[in-house]
Amino acid sequence: MEVDYIIVGLGLAGISFAEILEKNNKSFVVFEDNSQNSSIVAGGVYNPVILKRFTPVWNGHKQIELAKPFYKNIEEKLSTQLDYEFPTKKVFNSVGDENNWFIASDKPMLAQYMLPKVLKGKIDGVVGDFGFGELKGTGRVDTTTLVKLYKAYLNEKSLLINESFKHSELILKGEKVNYNNIIANRVVFCEGFGVKNNPYFNELPLKEAKGETITIHAPELKINFLLKSSVFVMPLGNDYYKVGATFNWTDKTSLPTKEGRKELEDKLQKVISVPYTVTDQLAGIRPTVKDRRPLVGVHPKYKQLAVLNGLGTRGVMIGPSIATSLFKHLEKDEKLDKEIDIKRFEK
């Protein structure tokens, strides 16, 4: 078999790059062994405002402008809804939060999303003595459904190979690569935290941050927006909500823990005032980078090998834009943004 690309990993990064390849009529196969599940565990939220400081997310507005039609195309291809747009309401903890909100909402980019007022009315079941700030144009992508159906889509087209990619069996020959009788022009590694086992890219400064979420059933809550406080409470429909997320820099496993659940419930009980039942708990390892920028680029020695990683907590926003940038870099020799190029870590 001969293809243009081999993709290793089918989380948000791998799906984003596969979409770009298909759109540009490039042939490819994907290796996926289900070892990384951060894309499934992720809340899938898109929001271009950092609500801890009321500052804009890096390139957030441009990312959303590209991501919205990107996921719309996938919805049409898979015949399912993935993008659920809803407002976000930030719980204010002090009068200072209110003042900072007004100051931020007057800034050009932020003004597109932040309503310039404070919502003072009570919300049934929600603790919010100082009111709320509201963001428009936010929402979530159902990453669980996306990953599941995209795998099925590729499998039906015989483009998915359900096995681990063995780096030691990769043969670099001339300008191409050979892997188990597959000849390709390039390999793009979208392995998430699994890149730590990749001998070609394992020196990249990827940090692992374990995250846990719980799903609750709260029939009395009745909110149709994402509630952001010390945890987020995100509507899933039918009185179910996802609550998250923890950050753990020491636990390297993908297993849910009692400690993670307790942390989330302790915080949740200060955010909502209605009864609930925990119905599910998930955990995953987020691939994060110290400068909060993704890892994109080509191996310094082997130009056939590229990496697309480090999407962090805003993978649904950033995935389409950086996949597009990498494709243009590989196929059209367009320069990568210095802020995402792995060359920034070269000694």
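The crossing of helices α3 and α6 is left-handed (the near helix is turned anticlockwise from the far one by less than a right angle; clockwise would be right-handed). This is a predicted model, in which local features need pLDDT of at least 70, side-chain atom pairs count only at pLDDT 80 or more, and totals for chains, interfaces and linings use all residues. Residues are numbered from 1 along each chain as its sequence is written, and side-chain values use heavy atoms, with hydrogens and water left out. Helices (H or I, at least four residues) and strands (E, at least two) are DSSP runs, numbered from the N terminus.

**Helix α3 with helix α6**

- Helix α3 covers residues 60-78 and helix α6 residues 143-156; their axes come within 11 Å and cross at roughly 55°.
- Axes are lines fitted to C-alpha atoms, for helices over the stretch in contact, and angles run from 0 to 180 degrees between N-to-C directions.
- α3 and α6 are therefore oblique to each other (under 35 degrees counts as roughly parallel, over 145 as roughly antiparallel, 65 to 115 as roughly perpendicular, and the rest as oblique).
- On α3, the contact (heavy atoms within 4.5 Å) is made by Tyr 71, Ile 74, Lys 77 and Leu 78, and on α6 by Leu 146, Leu 149, Tyr 150 and Tyr 153.
- The residues of this α3 and α6 contact divide into 7 nonpolar, no polar and 1 charged.
- Ala, Val, Leu, Ile, Met, Phe, Trp, Tyr, Cys and Pro count as nonpolar, Asp, Glu, Lys and Arg as charged, and the others, Gly among them, as polar.

**Helix α1 with helix α8**

- Helix α1 (residues 12-23) and helix α8 (residues 315-332) have axes that come within 8 Å and cross at roughly 45°.
- That angle makes α1 oblique to α8.
- The crossing of α1 past α8 is right-handed.
- α1 contributes Leu 12, Ser 16, Phe 17, Ile 20 and Leu 21 to the contact.
- The α8 side includes Gly 315, Val 316, Gly 319, Pro 320 and Ala 323.
- By class, the contact of α1 with α8 has 10 nonpolar, 4 polar and no charged residues.

**Helix α1 with helix α3**

- α1 and α3 pack at about 80°, with their axes 12 Å apart.
- α1 and α3 are therefore roughly perpendicular to each other.
- Leu 12, Ile 15, Ser 16, Glu 19, Ile 20 and Glu 22 of α1 meet Phe 70, Tyr 71, Ile 74 and Lys 77 of α3.
- This contact of α1 with α3 has 6 nonpolar, 1 polar and 3 charged residues.

**Domains**

- The protein is divided into domain 1 (2-42 + 144-205 + 291-345), domain 2 (88-136) and domain 3 (208-288); the bounds come from an automatic or database domain assignment.
- The centres of domain 2 and domain 3, taken over C-alpha atoms, are separated by 22 Å.
- Their contact takes 10 residues from domain 2 and 12 residues from domain 3.
- Domain 2 and domain 3 bury about 900 Å² between them, 62% of it on carbon and sulfur atoms (buried area is the accessible area, 1.4 Å probe, that two parts lose on being put together, summed over both).
- Lys 89, Gly 125 and Val 127 supply 46% of the area that domain 2 buries against domain 3, more than any other three residues.

**Loops and backbone**

- Most residues other than glycine have a negative phi, and most peptide bonds are trans.
- Asn 25, a residue other than glycine, has a positive phi near 60°; Asn 25 sits in the loop between α1 and β2 (28-31).
- The peptide bond from Gly 244 to Ala 245 is cis, with omega near -5°.
- Ala 245 lies in the loop between β17 (240-244) and α7 (258-268).
- Glu 220 occupies the loop between β14 (206-217) and β15 (226-228).
- Leaving aside neighbours within four places in sequence, Glu 220 is in contact with Val 274 and Pro 275.
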